[in-house]
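Subject: Structure handover

Hi,

Here is the structure I promised to pass on.

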Amino acid sequence: MRYEAPETVERASALLADSAGEARILAGGTDLLVQMRSDIVDPALIVDIKRIAETRWITEEPGGGWRIGAAVTGAELKEHARLKQVWPGVVEAANLIGSTQVQGRATLGGNLCNGSPAADSVPALIAAGAVATLAGPQGRRDLPVEDVMLGPRKLALGKGEFVVSFGLPPRPPRSSDAYLRFIPRTEMDIAVVGAGVSLTVDASGTITEARVSLGAVAPRVLLVREAAAAIVGSRLDRVAQDRLEAAARAACTPIDDKRGTVEFRIQIAGVLARRTALIALDRARTQ
Amino acid sequence: MAENGTNGHGYVGTRTIRPDGVDKVTGRARFGADFNLPGQLIGRVLRSPHPHARIVAIDTSKAEALPGVKAVITRDDFADQPSEFIPAGEMMMNYKDVVRNVLAREKALYEGHAVAAVAATSAAIARRALKLIDVTYEVLPHVIDVVEAMRPGAPLLHDDLFTAGVEPKPDKPSNIAKRVEITLGDVDAGFAKADVIVEREFKTAPVHQGYIEPHAALATVSEDGTAELWCCTQGHYIVRAHCARLLGLDIAKIRVTASEIGGGFGGKTVVYLEPLALALSRKAKRPVKMVMSREEVFKASGPTSGATVRVKMGATKDGKFVAGFAELKYQAGAFQGSPVQPGVMCAYAPYDMENVKVIGYDVVSNRPKVAAYRAPGAPISEFAVESVVDEIAKKLGLDPIELRMMNAAREGTKAAYGPKFGPIGLEETLNSIKKTEHWNTPLRKWQGRGVASGFWFNIGGETCVSLTVNEDGTVSLMAGTPDIGGLRASLAAVAADELGVEYDKVRPIIGDTGSLGFNFLTGGSRSAFSGSMAIVEAAKQIKADCCARACKLWDLKPEQVAWERGRVRPIGDAADKAKPMSIADFAKVAGKTGGPIVGYGRLNAQGAGPSLGTHLVDLEVDPETGRVTILRYTVAQDAGKALHPAYVEGQFQGGAVQGIGWALNEEYVYGDDGKLQNAGFLDYRMPVASDVPMIDAILVEVANPKHPYGVRGVGETPIVPPLGAIANAMENATGIRFTELPMSPPKVLKALREKGVTAK
């Protein structure tokens, strides 16, 4: 097994593109190293991207948008007071991954590229309208986060391509987001269902824009436009809540597995979508 | 001072600093995987991918040819063992099964069953070598569920297994290894007198002991056939015995050192890696180190039984229990030996009842062989009974504590399993719970409160310790039972009090098997109970020896000298003839007065008193998700005498937490393919620290008259009541009687929706 830690995007991409055997990207390693130890993967090449400066930055852009490096850890997000204020849902989602120790290593890029439909930070990023910036042998391109993952362990990345950073859009006033997941325990667990909601309200408290994303209820993390439509134009009253729950449930195509039944996941998806939207709404109104 | 046998500083019953604490918090303590030897090889196990398969052939030639591979072992490296049951603490064992569990012979009987092992110069080479071992399997139909395994026509695990305990002896083999029964009085007559009868069927999932430290062993076998072994175990003498038997070695030629242990809970009372590491080392002529992965721990060690239990109880309208019937079907795993016998015996043990009948079945299926787990068998049967007791209380409109109090076993009660109880403390625990602020605090909607009691026998057993007075008057204490719950601190306090020395002048260690006479393992809540009895014996020898030395030094007669208040003193008419001497004083003159001062305590401890406890729990159900939060938890248990109260409270708390996990989320999930799907802590959902509140512990001390300090074992009882207490609290919160564990969110939500119990 070969280990490389290049300092440029181009070099990393070239290494990945030229690798004959299985190549893996190492960011925090909280999934990769565990999978190697469990004999699930046996890569011929490991490319550590942490020495590429732009994978490690959190930057507020002049227009109000944000750029977050793919190898920024959950703990670093949490310690960024301004980011936490503007995107509390994204930050709280990243900090539900694993334990406190794991959050010191685990990254947004790794969480997405591990390709799990239950990844905690992904619904929050999708709800936030995040765009992934990919780099590859043909250069760079942007892809909405909801289009990066195609199915369990399947990504829309070409040979030699990897996620360099994420872009978050500028925030209008009275906007906020939230993420909730259902687990039977309080931590150190994996989402049975996850829900991310981002929304904006007008001065009267009516929702003008919304994005709703659900995790662990389908082969990939879903952007549920119908759920967003169910609450836009409302003040999230009881009727809108019921519409949101119904739309969220209608989008689910989960499986029965060790973590939950189909029936349970569908039921919970509605409950979580509503609870998450209420938190996001409360945050947006008090922004 | 002489009260309870103490005659020194009175450290017993105080919260002394644990002698093993500093090394544990600084990382110096050596656990199973922390031992290494120069030139050691890494051993790995090849495990069956099939839940049930005949092993037609094993070809190891390609693995052996791989550079770096120094030894490969299979079933051919172990002699077969005859079928013979021998007692192993609270369970029975049979070497014919042990040799087959260690390495599969005719068949692989569960996914993860060890089939071969390799030792190589690196872990990577060992892993590659495993892939080169060619096993020809003939896959057979499998059976996982206990009820299905009992059906005629179910896939048969052992064609020589005929149900024991039934007349006439069956002429066909089955998966039912054994039927056991206990009867007291006449249950039919009892039910005839009942005004209320409740009958329910319960189901529990198998749960793992969940120790954080995986099994680990380091073995080295010399060319002359002597062997040394370091491993994490609850009983290194037992490991020695098993390994000597399986490898055909003299017991004197194996020396086993127990490491610090990162949890055992009964699961480290058997051997898995140890004989393999020894056999590999013998073949390779190099030390061999083996450590299980977490996945291996789940697939191939532990757990305890899952079960199906039917309980029928009758009571008069004023609440007197008049009859109790139960039928228990326990999974044994791939080989017989579930804890159904203690499950049967404990089912009704907390209650004074005239008519009891309990039947149990020990059933094999294609799962890992169960190992002991904290009060083996008792939590399952007592969960079922405590649930029914609660339902009777509700039917009769009686307070559940009052109902238990009315029927509580007490001194003189004849237990259905045989003996008449001596002094026991169930009533005291019920009273303590009733008086808590917790019991008297109101609850809100969706919150529930539950109470349940629990019983465990406890055992004594063979125990050997030594006390050595060093040249400077300090004392070396050696015990031979691994310290899994505060043994060293407890024994050091007893030794300090007995010998009149300061607690920090006593250094307790756990000796290896070459250092002391045979010690049965740490289990059955026996080590502090038996160990402290042995310390008292050893101290008695030292005190007698010092008195004899004083006679010579002072030129006095034996009757003029006595051990009083921590010193040897001249007494009576000789009282002013000499200055009293402490142990340290004797240490200074040891050489001149007969040589080293040593006490050796050895006994087969008898008189272990049962410990009873009562648990109280508050919880809250999220009606929209079925998620349960434990809000508050109080344990009251009879410790007899708590040698070290903080450690005893720790036992109460730990047992309660394991019970919470068993009740709410822990379970083995099998696919239709007979493979375990959640072999890791991510999906095997043990509680984490943030899942549980601080557990309040109330020490009840009803002295055990058979022990010099009044001690009872305390380690196991705390896991017995939580299952029932939580189920009862769930009923209180939702109005639904949950009869199937775990009460995980999908199950709870489904029940709430079916009953129309929802938030809206």
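Let's start with holes. On a 1 Å grid over the protein atoms alone, a cavity is a set of points where a 1.4 Å probe fits but cannot get out, while a pocket is an open set with protein on both sides within 12 Å along at least five of seven lines; lining residues have an atom within 4 Å of a point. Points are joined across faces, edges and corners, and a volume is the space filled by probe spheres set on them. By this rule there are six cavities of 30 Å³ or more.

Before going on, note that this is a predicted model: local features need pLDDT of at least 70, side-chain atom pairs count only at pLDDT 80 or more, and totals for chains, interfaces and linings use all residues. Residues are numbered from 1 along each chain as its sequence is written, chains are lettered from A and ligands numbered from 1 in the order in which they are written, and side-chain values use heavy atoms, with hydrogens and water left out.

**Cavity and pocket**

The largest cavity has a volume of about 70 Å³. Among the residues lining it are B:Arg47, B:Asn101, B:Tyr272 and B:Met292. By class that lining has eight nonpolar, one polar and one charged residues (Ala, Val, Leu, Ile, Met, Phe, Trp, Tyr, Cys and Pro count as nonpolar, Asp, Glu, Lys and Arg as charged, and the others, Gly among them, as polar).

The second largest pocket comes to about 910 Å³. It has 43 lining residues, and B:Glu667, B:Tyr668, B:Val669, B:Tyr670 and B:Lys747 are the closest to its centre. Helix H19 of chain B gives the most to this lining, with three residues (helices, H or I with at least four residues, and strands, E with at least two, are DSSP runs numbered from the N terminus).

**Cores**

What does the largest nonpolar core look like? It has 106 residues, and B:Val311, B:Met313, B:Tyr348, B:Ile726 and B:Met743 have the most contacts inside it. Helix H11 (residues 378-396) of chain B supplies the largest share, nine residues. A second, separate core of 51 residues includes B:Ala539 and B:Cys547. Here a core is a set of buried Ala, Val, Leu, Ile, Met, Phe, Trp, Tyr and Cys residues joined through side-chain atoms within 4.5 Å; buried means under 20% relative accessible area, exposed over 50%, and partly exposed in between (1.4 Å probe, protein chains only).

**Between the chains**

The contact (heavy atoms within 4.5 Å) takes 25 residues from chain B and 27 from chain A. About 2,300 Å² is buried between them, of which carbon and sulfur atoms give 46%; that is the accessible area (1.4 Å probe) that two parts lose on being put together, summed over both. On the chain B side, B:Glu624, B:Arg627 and B:Arg685 lose the most area to chain A, together 25% of what that side buries.

Most residues other than glycine have a negative phi, and most peptide bonds are trans. Two bonds here are cis: B:Glu167 to B:Pro168, with omega about -10°, and B:Gly302 to B:Pro303, with omega near -25°. B:Lys285 has a positive phi of about 60°, and B:Ala375 one of about 55°. Which of them is buried and which exposed? B:Lys285 counts as exposed because its relative accessible area is 55%, whereas B:Ala375 is buried, at 0%.

Cheers
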